[in-house]
Amino acid sequence: MKIAVAGAGSWGTALASLLRGNGHDVILWDIDPVPVTQIEETGNNARYLPDIDLSPGLRATTDLAAAVAGAELIVLAVPSPVMRTVAEQINALLPTAAADVVLCSVTKGIEVDTLMTMHQVLEDVFPTSMYPRLTYLSGPSFAVEVAAGLPTAVTIAAKDLRYARIVQLAFHAPFFRPYLTEDVMGVEIGGCAKNVVAIAVGLANGMGFERNADAALITRGLSEITQLGVAKGANPLTFGGLSGVGDLILTCTSEKSRNYRVGYFLGQGLSLESIQRRLGQTAEGVVNAKAVHLLAQQVGVEMPLCNAVYRLLYEGLSPHKAVQELAARELRHELPDRFIPA
Ligand SMILES: NC(=O)c1ccc[n+]([C@@H]2O[C@H](COP(=O)([O-])OP(=O)(O)OC[C@H]3O[C@@H](n4cnc5c(N)ncnc54)[C@H](O)[C@@H]3O)[C@@H](O)[C@H]2O)c1
């Protein structure tokens with residue numbers, strides 16, 4: 001299969017290497033010539049995946065038209081704030097791709113200005129004839145582990161599973177097991193909102209709280225994410241799956257997670273500016289916290305934990321005040337209102 005992967009960052013490169021290892025003809029595109037030149041010249045992407053040897057024969061280019069020409073599968077692995085721009089460029093080039101080209105977004109996030117998830121952004125950009133061929137890969141997956149060939153399971157969501165199956169087969173490897181689901185919205189809400197909860201767990205650990213707090217935050221965070229997803233039309237069972245609790249566990253329990261680390265340093269008293277300088281890049285959870293906060297307001301879902309993270313990041317709430325406020329909330333039933341017996 002001829003495959004173009006847009007975005008030669010950590011995730012795009014790891015997936016491109018996996019696909020190449022599966023025997024596909026794979027070309028990575030990036031706007032930035034640094035990783036492209038490095039992959040072409042050395043077969044590595046030292047900036048994003050240091051010490052990893054990528055699959056031999058993986059190609060890279062800064063010419064999007066060359067990457068898309070003849071592609072049967074296009075994987076979108078760019079950051080969520082630029083998804084619309086990159087999708088518009090690809091849409092203009094679509095007549096040069098294979099007639100039955102399938103798209104797969106592996107990006108997690110919500111566009112802050114429009115509060116659209118990535119599938120809504122793609123449906124906004126591409127013609128309706130493409131809608132069945134839009135697919136979304138998500139789940140608990142650190143790029144560095146996938147690039148190293150370590151066992152991983154993910155979910156591929158699509159409204160039409162015929163096309164999701166094509167993507168499932170393309171990605172399937174002995175160490176990489178993709179499942180399928182029709183619940184695109186559920187998969188996307190889980191993939192975005194878990195970053196906000198990871199900041200909360202990191203923050204708690206940075207303040208010296210231990211495993212009891214982690215478990216409470218992950219569980220209550222999952223409850224908030226599920227309520228948000230259900231309000232957006234998702235299947236509640238999705239949040240018990242790989243893109244829900246699976247990704248939440250991964251992101252909240254590992255120092256590999258940038259979002260966890262942002263929270264940890266905040267809990268240690270560092271400012272967001274100094275943390276971002278230290279990490280060298282913006283953790284997505286910081287942007288996701290705003291989007292999730294606004295989306296929850298829009299659909300009328302109460303998300304006290306995510307709201308506290310938003311106020312910590314954007315309104316100067318101190319970690320100690322946040323903990324005090326959460327602890328002082330009115331006592332309530334554990335289940336959402338609609339499940340409480342009358
Ligand atoms: N890194 C992971 O472990 C991982 C795992 C699962 C999902 N994801 C998701 O994949 C997406 C990408 O994450 P990542 O970690 O690979 O990001 P990254 O920052 O490592 O890489 C993003 C790449 O996109 C490129 N890019 C292409 N067009 C661009 C443009 N117009 N403007 C700016 N950059 C442009 C950048 O140059 C960069 O190489 C995110 O939504 C993330 O949540 C990441």
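A crossing of two helices is called left-handed if the near helix is turned anticlockwise from the far one by less than a right angle, and right-handed if clockwise. Keep that in mind for the two helix pairs below. The model is predicted.

Start with the overall layout. The chain is divided into domain 1, residues 2-182, and domain 2, residues 185-339. Their centres, taken over C-alpha atoms, are separated by 27 Å. The two domains touch: 24 residues of domain 1 are in contact with 25 residues of domain 2.

Now turn to helix α8, residues 184-206, and helix α13, residues 284-299. These two pack at an angle of about 110°, and their axes lie 8 Å apart. Angles of 65 to 115 degrees count as roughly perpendicular, and α8 and α13 are therefore roughly perpendicular to each other. The crossing of α8 past α13 is left-handed. On the α8 side, the contact is made by I189, C192, A193, N195, V196 and I199. On the α13 side, E284, G285, V286, N288, A289, V292 and L295 take part. Sorted by class, this contact of α8 with α13 has nine nonpolar residues, three polar ones and one charged one.

Stay with α13 for one more residue. H293 is found in this helix. Buried means under 20% relative accessible area, so H293, at 14%, counts as buried. Leaving out residues up to four places away in sequence, H293 touches N307 and Y310.

Helix α11, residues 258-267, and helix α12, residues 272-279, have axes that come within 10 Å and cross at roughly 135°. That angle makes α11 oblique to α12. The crossing of α11 and α12 is right-handed. From α11, the contact uses R258, R261, V262, F265 and L266. From α12, it uses L272, I275, R278 and L279. The residues in the contact of α11 with α12 divide into six nonpolar, no polar and three charged.

Next, look at single sites within helices. S243 lies in helix α10, residues 242-252. Is S243 buried or exposed? S243 is buried, because its relative accessible area is 2%. Neighbours within four places in sequence aside, S243 is in contact with S138, G139, T155, V187, G190, G191 and T238.

V121 sits in helix α5, residues 118-125. At 1% relative accessibility, V121 counts as buried. With residues up to four places away in sequence not counted, V121 touches M83, R84, E111 and M116. How far apart are the C-alpha atoms of V121 and D183? They are separated by 16 Å, and the two residues are 62 residues apart along the chain.

D51 is not a glycine, yet it has a positive phi of about 70°. D51 lies in the loop between α2 (33-42) and β3 (59-61). With a relative accessible area of 82%, D51 is exposed.

L115 is another residue other than glycine with a positive phi, here near 60°. L115 is in the loop between β6 (110-111) and β7 (116-117). L115 is buried, with a relative accessible area of 11%.

Methods:
Residues are numbered from 1 along each chain as its sequence is written. This is a predicted model: local features need pLDDT of at least 70, side-chain atom pairs count only at pLDDT 80 or more; totals for chains, interfaces and linings use all residues. Side-chain values use heavy atoms; hydrogens and water are left out. Axes are lines fitted to C-alpha atoms, for helices over the stretch in contact, and angles run from 0 to 180 degrees between N-to-C directions. Helices (H or I, at least four residues) and strands (E, at least two) are DSSP runs, numbered from the N terminus. Angles under 35 degrees count as roughly parallel, over 145 as roughly antiparallel, 65 to 115 as roughly perpendicular and the rest as oblique. Contact means heavy atoms within 4.5 Å. Ala, Val, Leu, Ile, Met, Phe, Trp, Tyr, Cys and Pro count as nonpolar, Asp, Glu, Lys and Arg as charged, and the others, Gly among them, as polar. Buried means under 20% relative accessible area, exposed over 50%, partly exposed in between (1.4 Å probe, protein chains only). Domain bounds come from an automatic or database domain assignment.
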